[in-house]
Amino acid sequence: MIRDDPDNLEISAPFATGLDEDDTERSMGIYVGHKQWAFRTWSGWKLLNKLTLVLRYNYDLVKIAKITSQAEAAFVSLLPELLSSTEKGTFFQSPEQIWNRLGLLKAVMTPFSKLLDAAKIYAELPYWRSFLPFQGSLRLELLTAINLVNYNQDIDEINGLVGLGSFSASGGSLFSIKGGNHAVIRSAVRQAQTVRSKRNCSGLVTQIPKKVTHVIGDFSGFSLFSEGENLGDFDVVVLAAPLHQARIDFKVKSQFDAAVLQSMPLGGLIDTEEPTPEEHEGHETIPGYLPEAAQRPYTQVVTTVVSKGELQGEVLGLGSTEKPPRSIFFSSAGKASLHNITAITRIHPSGIYKIFSNDALTEDVKKTLFGPAVFTEYIKSWGGPHGGATPAYQGKGESTEFLLYDGALGLEGHTTSGALYYPSAFELSSLACMEISAVGAKAVSKLIAKRFGWIHEDGASKGHDEL
């Protein structure tokens, strides 16, 4: 998609600020707390830095790289074809079906720590490595650090595929988008409008800059409201945000009295093991509860950007002549010992730094870390009761089906309207990133196209322009 819009999307180096003289240094280190470091690398010495990691983590590094490569190959080689195909068995109803087809379901349903146990990558080093110099625990250092910065979760809290995804990204070819990631969304809308216009589709993609607060559904479709304002009626609704962050009240009209609204049952989310709801006037009331997977919270992360700063090396146990690495990551112990910070990165040589932490940093803490002249440019809190940065996976990848509610059930094909889809279910299962969101969106678009009869499960493996 990025290659299709070169006039509006420009790839830059990681951490590019758009300013002149961007920081080109690539040194990094892992801080383990109490002024101690696992290791630090040097700028401009790529081969030496790779040898540093190989020496420190030994054969464990080879094992995790092999497992990651296998998972990556399954994802890259099969997924695009499956999502473009109309072959039977490629209209996936849930993330679990996709992961199972790719052969990755076990990794999704297993805590990363258990996957590492199976690969014999332990926290404690084997006896024979005690005779070698500069040895460290890949599990407690590098793997923990990269998942803390990516997900603010330890290896016991994420599932196996999330852990492998983090490791894959750490060794891949990273880049940033000039102007910020929001440029990707603008470009996607613009490209969609262009494609639909060229194909003479009836109506272009439109945006309504209103916050949806209420969705009222029945077998004929949905009415959307922004507070008291009616935004219109729709056949199908796609919820492209986590349920708890959307803060939308989903209701359905009672079958007995259309003036009475009841909680939307969200059929794909009903926990059938829960006790039967109380009956009301001779019939069961519509259940309003959700299973654990749908209620999973998102982790809180605070992003802070400061300028006019200089990281004080002595706070991290460095001597007066030692220069801190450009990127600093933290083990669990390191995070706990330094204000629950998970990463500090210098993004410009003029003294601009980006910090990830559990909670907002006080001014005193920022001055201690970056000197008395430090100035706070930006603070973004990804958290709170209706926020968060990434799903709290709780060591597993259970999710929900893409179809949350189907108002046409029981009507035996007499209507295609009244469906509520949830592509974010894919993110709830594993890997929180734009690419995974795009996969969820493509899977849902196939289900919608099939529902309206635009494409058919015809057994032919071929792509369709309608998608």
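**Packing, sheets and a buried aspartate**

Trainee: Against which strands do the buried residues of H10 pack?

Mentor: Helices (H or I, at least four residues) and strands (E, at least two) are DSSP runs, numbered from the N terminus. Buried means under 20% relative accessible area, exposed over 50% and partly exposed in between, with a 1.4 Å probe and protein chains only. Packing rests on contact, that is, heavy atoms within 4.5 Å. The buried residues of H10 pack against strand S13 (301-307), strand S15 (341-348), strand S16 (352-357) and strand S17 (375-382).

Trainee: Which pLDDT do local features need?

Mentor: Residues are numbered from 1 along each chain as its sequence is written, and side-chain values use heavy atoms, leaving out hydrogens and water. This is a predicted model, in which totals for chains, interfaces and linings use all residues, side-chain atom pairs count only at pLDDT 80 or more, and local features need pLDDT of at least 70.

Trainee: What arc do the buried residues of H10 cover around the axis?

Mentor: In helix H10 (residues 363-370), the residues Val365, Lys366, Leu369 and Phe370 are buried. They lie on the same side of H10, because the arc they cover around the axis is only 105 degrees. Here the arc is that of the directions from the helix axis to the C-beta atoms. In general, an α-helix has 3.6 residues a turn, so residues three or four places apart point the same way.

Trainee: Which strands are the edge strands of the open sheet of seven strands?

Mentor: The order in this sheet is S3-S2-S14-S15-S16-S13-S17, with mixed pairing. Two strands pair if DSSP finds at least two bridges between them. The strands that pair on one side only are the edge strands, strand S3 (36-40) and S17.

Trainee: At what angle does H1 run to S3?

Mentor: Strand S2 (residues 28-33) runs antiparallel to S3, joined by four bridges, and H1 lies across S2 and S3. Axes are lines fitted to C-alpha atoms, for helices over the stretch in contact, and angles run from 0 to 180 degrees between N-to-C directions. The angle of H1 to S3 is about 125 degrees.

Trainee: Is Asp60 buried or exposed?

Mentor: Asp60 is located in helix H1 (residues 46-84). Not counting residues up to four places away in sequence, Asp60 touches Lys120, Ile121, Arg129 and Leu138. Because its relative accessibility is 8%, Asp60 counts as buried.
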